[in-house]
Amino acid sequence: MSPLRLRDLSGIPDYKPGKAAPASSRGPAPFKLSSNENPYPPLRSVTEALNGSAALVNRYPETAASDLTRELCTRFAVEPAQLVLGSGSVEIVSQLIRATAGEGDEVVFAWRSFEAYPMLTLAAGAVPVRVPLTADHRHDLDAMLAAITERTRLVLVCNPNNPTGTVVTRDELDRFLGQVPPDVTVVIDEAYVQFNRHADSPQGIDYFRRHPNVAVAHTFSKAYGLAGLRVGYALAPVQLAAAMRKVALPFGVTALAQAAAVASLRAEDELAERVEHLVRERTRVTRALAEQGWRLPRTEANFLWFPLGGHTMAAAAEFETHGLLVRPFAGEGFRVTIAEVEANDAVIKAARSVRDAGLYD
(Lines give C-alpha, C1' and ligand atoms only; values in the text may rest on other atoms or scores of the structure.)
Protein backbone atom coordinates (compact mmCIF):
# COMPACT_ATOMS: atom_id res chain seq x y z
CA MET A 1 0.00 0.00 0.00
CA SER A 2 1.29 3.46 -0.88
CA PRO A 3 2.35 5.46 2.22
CA LEU A 4 0.10 8.42 1.46
CA ARG A 5 -0.43 10.93 4.23
CA LEU A 6 -4.18 11.32 4.62
CA ARG A 7 -6.40 12.93 7.19
CA ASP A 8 -7.75 10.59 9.83
CA LEU A 9 -11.36 10.37 8.68
CA SER A 10 -12.22 7.25 10.64
CA GLY A 11 -14.56 9.20 12.90
CA ILE A 12 -16.74 10.43 10.03
CA PRO A 13 -19.61 8.06 9.26
CA ASP A 14 -20.32 7.22 5.64
CA TYR A 15 -23.51 8.69 4.23
CA LYS A 16 -25.89 5.84 3.49
CA PRO A 17 -28.23 6.71 0.62
CA GLY A 18 -31.72 5.30 0.51
CA LYS A 19 -31.77 1.73 -0.72
CA ALA A 20 -32.43 1.46 -4.44
CA ALA A 21 -34.15 -1.32 -6.33
CA PRO A 22 -31.70 -3.88 -7.72
CA ALA A 23 -31.14 -3.42 -11.44
CA SER A 24 -31.65 -7.12 -12.15
CA SER A 25 -34.80 -7.65 -10.05
CA ARG A 26 -37.45 -9.83 -11.65
CA GLY A 27 -41.10 -8.89 -11.75
CA PRO A 28 -42.43 -5.42 -10.98
CA ALA A 29 -39.82 -3.03 -9.62
CA PRO A 30 -40.27 -2.40 -5.90
CA PHE A 31 -41.32 1.03 -4.71
CA LYS A 32 -38.35 3.06 -3.52
CA LEU A 33 -39.68 4.80 -0.40
CA SER A 34 -36.26 5.32 1.16
CA SER A 35 -35.22 8.76 -0.10
CA ASN A 36 -38.29 11.04 0.23
CA GLU A 37 -38.33 11.64 -3.51
CA ASN A 38 -41.29 13.25 -5.24
CA PRO A 39 -42.98 10.45 -7.23
CA TYR A 40 -44.10 12.74 -10.06
CA PRO A 41 -42.07 13.25 -13.26
CA PRO A 42 -41.03 16.80 -14.22
CA LEU A 43 -43.66 19.20 -15.47
CA ARG A 44 -43.69 19.80 -19.22
CA SER A 45 -42.52 23.38 -18.72
CA VAL A 46 -39.57 22.12 -16.67
CA THR A 47 -38.66 19.54 -19.30
CA GLU A 48 -38.79 22.23 -21.98
CA ALA A 49 -36.48 24.43 -19.92
CA LEU A 50 -34.06 21.54 -19.54
CA ASN A 51 -34.14 20.82 -23.27
CA GLY A 52 -33.42 24.46 -23.98
CA SER A 53 -30.36 24.43 -21.72
CA ALA A 54 -29.00 21.07 -22.82
CA ALA A 55 -27.30 22.52 -25.90
CA LEU A 56 -25.12 24.71 -23.68
CA VAL A 57 -23.68 22.07 -21.36
CA ASN A 58 -20.26 22.59 -22.95
CA ARG A 59 -20.18 25.94 -21.13
CA TYR A 60 -19.77 26.59 -17.44
CA PRO A 61 -22.95 27.71 -15.67
CA GLU A 62 -23.35 31.33 -14.68
CA THR A 63 -22.00 31.54 -11.16
CA ALA A 64 -24.35 34.36 -10.19
CA ALA A 65 -27.39 32.39 -11.44
CA SER A 66 -29.01 35.72 -12.32
CA ASP A 67 -32.44 34.45 -13.39
CA LEU A 68 -32.86 32.13 -10.40
CA THR A 69 -31.51 34.73 -7.99
CA ARG A 70 -33.94 37.31 -9.35
CA GLU A 71 -36.89 34.93 -8.99
CA LEU A 72 -36.03 34.01 -5.41
CA CYS A 73 -35.24 37.56 -4.33
CA THR A 74 -38.60 38.68 -5.66
CA ARG A 75 -40.34 35.76 -4.01
CA PHE A 76 -38.92 36.50 -0.55
CA ALA A 77 -38.34 40.26 -0.87
CA VAL A 78 -34.64 39.92 -0.07
CA GLU A 79 -31.49 41.36 -1.63
CA PRO A 80 -29.13 39.23 -3.74
CA ALA A 81 -26.50 39.69 -1.02
CA GLN A 82 -28.78 37.73 1.33
CA LEU A 83 -29.22 34.75 -0.99
CA VAL A 84 -26.75 31.88 -1.46
CA LEU A 85 -27.21 28.98 -3.87
CA GLY A 86 -25.75 25.51 -3.58
CA SER A 87 -25.82 21.99 -4.93
CA GLY A 88 -28.86 20.92 -2.93
CA SER A 89 -29.61 21.77 0.69
CA VAL A 90 -26.89 19.33 1.78
CA GLU A 91 -24.26 21.57 0.23
CA ILE A 92 -26.01 24.62 1.66
CA VAL A 93 -25.78 23.13 5.16
CA SER A 94 -22.15 22.27 4.47
CA GLN A 95 -21.49 25.90 3.51
CA LEU A 96 -23.18 27.11 6.68
CA ILE A 97 -21.11 24.80 8.87
CA ARG A 98 -17.79 25.57 7.16
CA ALA A 99 -18.51 29.32 7.19
CA THR A 100 -19.10 29.36 10.94
CA ALA A 101 -17.26 26.43 12.56
CA GLY A 102 -13.70 25.18 12.42
CA GLU A 103 -11.38 22.95 14.39
CA GLY A 104 -12.76 22.35 17.87
CA ASP A 105 -15.88 24.50 17.42
CA GLU A 106 -19.27 22.94 18.16
CA VAL A 107 -22.40 22.48 16.06
CA VAL A 108 -25.58 21.65 17.99
CA PHE A 109 -28.51 19.75 16.53
CA ALA A 110 -31.31 17.40 17.56
CA TRP A 111 -30.79 13.67 17.21
CA ARG A 112 -32.03 11.82 15.45
CA SER A 113 -32.26 14.40 12.70
CA PHE A 114 -30.86 14.73 9.18
CA GLU A 115 -28.19 12.09 8.81
CA ALA A 116 -25.74 14.43 7.08
CA TYR A 117 -25.46 16.86 10.01
CA PRO A 118 -22.79 14.98 12.01
CA MET A 119 -20.73 13.96 8.98
CA LEU A 120 -20.68 17.49 7.55
CA THR A 121 -19.69 18.84 10.96
CA LEU A 122 -16.87 16.35 11.38
CA ALA A 123 -15.65 16.95 7.83
CA ALA A 124 -15.29 20.65 8.73
CA GLY A 125 -13.14 19.69 11.72
CA ALA A 126 -15.85 20.77 14.17
CA VAL A 127 -17.52 18.81 16.95
CA PRO A 128 -21.12 17.56 16.53
CA VAL A 129 -23.27 17.94 19.65
CA ARG A 130 -26.27 15.62 19.37
CA VAL A 131 -29.21 16.49 21.62
CA PRO A 132 -31.74 13.65 21.99
CA LEU A 133 -35.29 14.19 20.80
CA THR A 134 -38.12 14.22 23.32
CA ALA A 135 -40.14 11.09 24.04
CA ASP A 136 -42.61 12.21 21.37
CA HIS A 137 -39.85 12.50 18.75
CA ARG A 138 -39.67 16.30 18.72
CA HIS A 139 -36.84 18.80 19.13
CA ASP A 140 -36.01 19.40 22.80
CA LEU A 141 -35.19 23.08 22.42
CA ASP A 142 -34.60 23.54 26.15
CA ALA A 143 -31.98 20.79 26.09
CA MET A 144 -30.47 22.25 22.92
CA LEU A 145 -30.24 25.62 24.61
CA ALA A 146 -28.49 24.01 27.59
CA ALA A 147 -26.04 22.36 25.20
CA ILE A 148 -24.80 25.72 23.85
CA THR A 149 -21.33 26.61 25.17
CA GLU A 150 -18.67 29.21 24.40
CA ARG A 151 -17.48 26.85 21.65
CA THR A 152 -20.87 26.68 19.90
CA ARG A 153 -20.90 28.38 16.52
CA LEU A 154 -24.01 26.95 14.85
CA VAL A 155 -27.35 25.42 15.85
CA LEU A 156 -29.43 23.45 13.34
CA VAL A 157 -33.22 23.27 13.74
CA CYS A 158 -34.75 20.87 11.21
CA ASN A 159 -38.41 21.81 10.81
CA PRO A 160 -40.19 19.54 9.94
CA ASN A 161 -37.62 17.16 11.33
CA ASN A 162 -36.11 14.45 9.16
CA PRO A 163 -36.76 11.53 9.80
CA THR A 164 -39.57 11.94 12.36
CA GLY A 165 -41.68 14.57 10.54
CA THR A 166 -42.37 16.48 13.76
CA VAL A 167 -42.31 20.28 14.09
CA VAL A 168 -41.45 22.94 16.62
CA THR A 169 -44.07 25.57 17.47
CA ARG A 170 -43.84 29.34 17.22
CA ASP A 171 -43.78 29.78 21.00
CA GLU A 172 -41.03 27.19 21.37
CA LEU A 173 -38.88 28.81 18.70
CA ASP A 174 -39.57 32.32 20.05
CA ARG A 175 -38.39 31.29 23.54
CA PHE A 176 -35.39 29.50 22.11
CA LEU A 177 -34.18 32.34 19.89
CA GLY A 178 -34.73 34.80 22.72
CA GLN A 179 -32.04 32.98 24.71
CA VAL A 180 -29.51 31.90 22.08
CA PRO A 181 -26.38 34.10 22.25
CA PRO A 182 -26.45 36.68 19.44
CA ASP A 183 -23.09 35.52 18.05
CA VAL A 184 -24.36 31.95 17.48
CA THR A 185 -25.96 31.27 14.10
CA VAL A 186 -29.27 29.40 14.12
CA VAL A 187 -30.22 27.64 10.88
CA ILE A 188 -33.84 26.67 10.26
CA ASP A 189 -33.64 23.80 7.80
CA GLU A 190 -36.96 23.73 5.93
CA ALA A 191 -36.40 21.05 3.31
CA TYR A 192 -40.00 19.86 3.74
CA VAL A 193 -41.73 23.17 4.48
CA GLN A 194 -44.17 22.89 1.56
CA PHE A 195 -45.75 19.81 3.17
CA ASN A 196 -46.16 21.43 6.58
CA ARG A 197 -49.80 22.05 7.51
CA HIS A 198 -49.33 22.54 11.26
CA ALA A 199 -51.18 25.77 12.15
CA ASP A 200 -48.73 26.70 14.91
CA SER A 201 -45.49 25.91 13.09
CA PRO A 202 -43.16 28.88 12.42
CA GLN A 203 -42.09 30.01 8.97
CA GLY A 204 -38.35 30.45 8.75
CA ILE A 205 -38.51 33.58 6.60
CA ASP A 206 -40.33 35.44 9.40
CA TYR A 207 -37.54 34.63 11.84
CA PHE A 208 -34.85 35.50 9.32
CA ARG A 209 -36.38 38.98 9.08
CA ARG A 210 -36.59 39.41 12.87
CA HIS A 211 -33.33 37.88 14.08
CA PRO A 212 -29.89 38.94 12.77
CA ASN A 213 -28.40 35.51 13.64
CA VAL A 214 -30.96 33.34 11.78
CA ALA A 215 -30.52 31.71 8.37
CA VAL A 216 -32.99 29.53 6.46
CA ALA A 217 -32.17 26.56 4.20
CA HIS A 218 -34.49 25.45 1.38
CA THR A 219 -34.28 22.86 -1.39
CA PHE A 220 -35.82 22.15 -4.78
CA SER A 221 -35.38 18.40 -4.28
CA LYS A 222 -38.60 17.50 -2.47
CA ALA A 223 -41.77 19.45 -3.27
CA TYR A 224 -40.35 20.71 -6.57
CA GLY A 225 -39.21 17.24 -7.64
CA LEU A 226 -35.70 18.23 -8.76
CA ALA A 227 -33.71 15.81 -6.58
CA GLY A 228 -31.65 14.64 -9.54
CA LEU A 229 -30.48 18.16 -10.42
CA ARG A 230 -29.23 19.28 -6.99
CA VAL A 231 -30.19 22.87 -6.24
CA GLY A 232 -30.84 24.49 -2.89
CA TYR A 233 -30.46 27.92 -1.35
CA ALA A 234 -30.10 29.82 1.90
CA LEU A 235 -31.50 33.11 3.06
CA ALA A 236 -28.78 34.46 5.33
CA PRO A 237 -27.51 37.67 6.91
CA VAL A 238 -25.21 39.52 4.52
CA GLN A 239 -22.05 38.82 6.52
CA LEU A 240 -22.83 35.12 6.76
CA ALA A 241 -23.87 34.89 3.10
CA ALA A 242 -20.54 36.37 2.03
CA ALA A 243 -18.67 33.80 4.13
CA MET A 244 -20.76 30.99 2.64
CA ARG A 245 -19.80 32.02 -0.88
CA LYS A 246 -16.12 31.77 0.06
CA VAL A 247 -16.52 28.08 0.97
CA ALA A 248 -19.05 27.20 -1.74
CA LEU A 249 -18.32 24.69 -4.47
CA PRO A 250 -17.48 26.73 -7.62
CA PHE A 251 -20.08 26.27 -10.36
CA GLY A 252 -21.99 24.05 -7.94
CA VAL A 253 -25.41 24.80 -9.41
CA THR A 254 -25.46 23.66 -13.03
CA ALA A 255 -27.13 25.54 -15.85
CA LEU A 256 -29.67 22.72 -16.13
CA ALA A 257 -30.50 23.01 -12.44
CA GLN A 258 -30.86 26.78 -12.68
CA ALA A 259 -33.21 26.54 -15.65
CA ALA A 260 -35.34 23.84 -14.04
CA ALA A 261 -35.58 25.75 -10.77
CA VAL A 262 -36.72 28.93 -12.52
CA ALA A 263 -39.31 26.99 -14.53
CA SER A 264 -40.54 25.30 -11.35
CA LEU A 265 -40.99 28.60 -9.54
CA ARG A 266 -43.01 29.90 -12.48
CA ALA A 267 -45.21 26.77 -12.47
CA GLU A 268 -45.80 26.74 -8.74
CA ASP A 269 -49.59 26.42 -9.02
CA GLU A 270 -49.20 23.10 -10.85
CA LEU A 271 -46.63 21.90 -8.36
CA ALA A 272 -48.86 22.94 -5.46
CA GLU A 273 -51.57 20.59 -6.74
CA ARG A 274 -49.09 17.72 -6.58
CA VAL A 275 -48.05 18.65 -3.07
CA GLU A 276 -51.68 18.79 -1.95
CA HIS A 277 -52.26 15.33 -3.40
CA LEU A 278 -49.32 13.99 -1.39
CA VAL A 279 -50.63 15.69 1.75
CA ARG A 280 -54.04 14.08 1.21
CA GLU A 281 -52.35 10.72 0.71
CA ARG A 282 -50.39 11.30 3.92
CA THR A 283 -53.66 11.85 5.76
CA ARG A 284 -55.24 8.77 4.24
CA VAL A 285 -52.31 6.53 5.15
CA THR A 286 -51.93 7.85 8.70
CA ARG A 287 -55.65 7.34 9.36
CA ALA A 288 -55.50 3.78 8.04
CA LEU A 289 -52.48 3.04 10.23
CA ALA A 290 -54.18 4.55 13.26
CA GLU A 291 -57.12 2.21 12.67
CA GLN A 292 -54.64 -0.68 12.76
CA GLY A 293 -53.45 0.51 16.16
CA TRP A 294 -50.28 2.34 15.17
CA ARG A 295 -49.39 5.42 17.20
CA LEU A 296 -46.88 7.17 15.00
CA PRO A 297 -45.55 10.71 15.49
CA ARG A 298 -47.62 13.34 13.75
CA THR A 299 -45.79 14.10 10.52
CA GLU A 300 -45.78 17.35 8.57
CA ALA A 301 -43.42 16.07 5.87
CA ASN A 302 -43.79 13.70 2.93
CA PHE A 303 -42.84 10.67 5.01
CA LEU A 304 -43.80 8.65 8.09
CA TRP A 305 -41.63 7.57 11.01
CA PHE A 306 -42.07 4.11 12.52
CA PRO A 307 -40.29 4.08 15.92
CA LEU A 308 -39.73 0.33 16.14
CA GLY A 309 -36.59 0.14 18.26
CA GLY A 310 -35.12 -3.35 18.25
CA HIS A 311 -37.71 -4.55 15.72
CA THR A 312 -36.58 -2.06 13.08
CA MET A 313 -34.53 -4.26 10.78
CA ALA A 314 -36.95 -7.19 10.90
CA ALA A 315 -39.88 -4.88 10.17
CA ALA A 316 -37.97 -3.24 7.30
CA ALA A 317 -37.36 -6.71 5.86
CA GLU A 318 -41.09 -7.44 6.14
CA PHE A 319 -41.83 -4.25 4.21
CA GLU A 320 -39.39 -5.37 1.54
CA THR A 321 -41.35 -8.59 1.05
CA HIS A 322 -44.23 -6.30 0.07
CA GLY A 323 -42.04 -4.58 -2.53
CA LEU A 324 -41.28 -1.55 -0.37
CA LEU A 325 -37.77 -0.18 0.19
CA VAL A 326 -37.69 1.95 3.35
CA ARG A 327 -34.96 3.83 5.23
CA PRO A 328 -34.09 1.92 8.43
CA PHE A 329 -31.96 3.18 11.31
CA ALA A 330 -31.04 0.06 13.27
CA GLY A 331 -32.32 0.04 16.83
CA GLU A 332 -34.42 3.19 16.31
CA GLY A 333 -36.99 2.98 13.54
CA PHE A 334 -37.52 3.47 9.84
CA ARG A 335 -38.77 6.22 7.57
CA VAL A 336 -41.26 5.62 4.76
CA THR A 337 -41.93 8.11 1.95
CA ILE A 338 -45.48 9.00 0.95
CA ALA A 339 -45.53 8.29 -2.79
CA GLU A 340 -47.84 6.88 -5.47
CA VAL A 341 -51.27 5.66 -4.40
CA GLU A 342 -50.26 2.06 -5.19
CA ALA A 343 -47.16 2.38 -3.03
CA ASN A 344 -49.16 3.89 -0.19
CA ASP A 345 -51.69 1.06 -0.39
CA ALA A 346 -48.80 -1.37 -0.09
CA VAL A 347 -47.52 0.51 2.97
CA ILE A 348 -50.88 0.02 4.69
CA LYS A 349 -50.80 -3.71 3.93
CA ALA A 350 -47.17 -4.10 5.01
CA ALA A 351 -47.83 -2.27 8.26
CA ARG A 352 -50.62 -4.73 9.03
CA SER A 353 -48.22 -7.60 8.37
CA VAL A 354 -45.68 -6.11 10.76
CA ARG A 355 -48.26 -5.94 13.51
CA ASP A 356 -49.47 -9.47 12.76
CA ALA A 357 -45.87 -10.67 13.02
CA GLY A 358 -45.53 -9.12 16.48
CA LEU A 359 -42.83 -6.68 15.40
CA TYR A 360 -44.41 -3.73 17.17
CA ASP A 361 -44.37 -3.09 20.93
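**Note on the predicted model**

1. The structure holds one cavity of 30 Å³ or more; a cavity is a set of points on a 1 Å grid over the protein atoms alone where a 1.4 Å probe fits but cannot get out. The largest cavity contains about 60 Å³ of space, a volume being the space filled by probe spheres set on the points.

2. This is a predicted model, in which local features need pLDDT of at least 70 and side-chain atom pairs count only at pLDDT 80 or more, while totals for chains, interfaces and linings use all residues. Residues are numbered from 1 along each chain as its sequence is written, and side-chain values use heavy atoms, with hydrogens and water left out.

3. The lining of the largest cavity includes Asn-38, Tyr-40, Pro-41, Pro-42, Leu-43 and Val-46, and also Tyr-224, Gly-225, Leu-226, Ser-264, Leu-271 and Arg-274; lining residues have an atom within 4 Å of a point. By class, the lining has eight nonpolar residues, three polar and one charged.

4. The UniProt record, in an unreviewed entry, places the feature "domain: Aminotransferase class I/classII large" at residues 31–343. The end C-alpha atoms of this span lie 6 Å apart, and the span is 40% helix and 17% strand. Helices (H or I, at least four residues) and strands (E, at least two) are DSSP runs, numbered from the N terminus.

5. The axes of helix 2 (residues 66–76) and helix 9 (residues 255–266) come within 9 Å and cross at roughly 30 degrees. Asp-67, Leu-68, Glu-71, Leu-72 and Arg-75 of helix 2 make the contact with Gln-258, Ala-261, Val-262, Leu-265 and Arg-266 of helix 9, where contact means heavy atoms within 4.5 Å. Five nonpolar, one polar and four charged residues take part in this contact. Axes are lines fitted to C-alpha atoms, for helices over the stretch in contact, with angles running from 0 to 180 degrees between N-to-C directions.

6. The bond from Trp-111 to Arg-112 is cis, with omega near 15 degrees, and Arg-112 sits in the loop between strand 3 (106–111) and helix 4 (116–123). The bond from Asn-159 to Pro-160 is also cis, with omega near 0 degrees; Pro-160 belongs to the loop between strand 5 (152–158) and helix 6 (170–177).

Technical notes. 1 Å grid on protein atoms, 1.4 Å probe; cavity = no way out; pocket = protein on both sides within 12 Å on 5 of 7 lines; lining within 4 Å. Nonpolar A, V, L, I, M, F, W, Y, C, P; charged D, E, K, R; others polar. UniProt positions renumbered as here; feature names shortened; annotations may be inferred.
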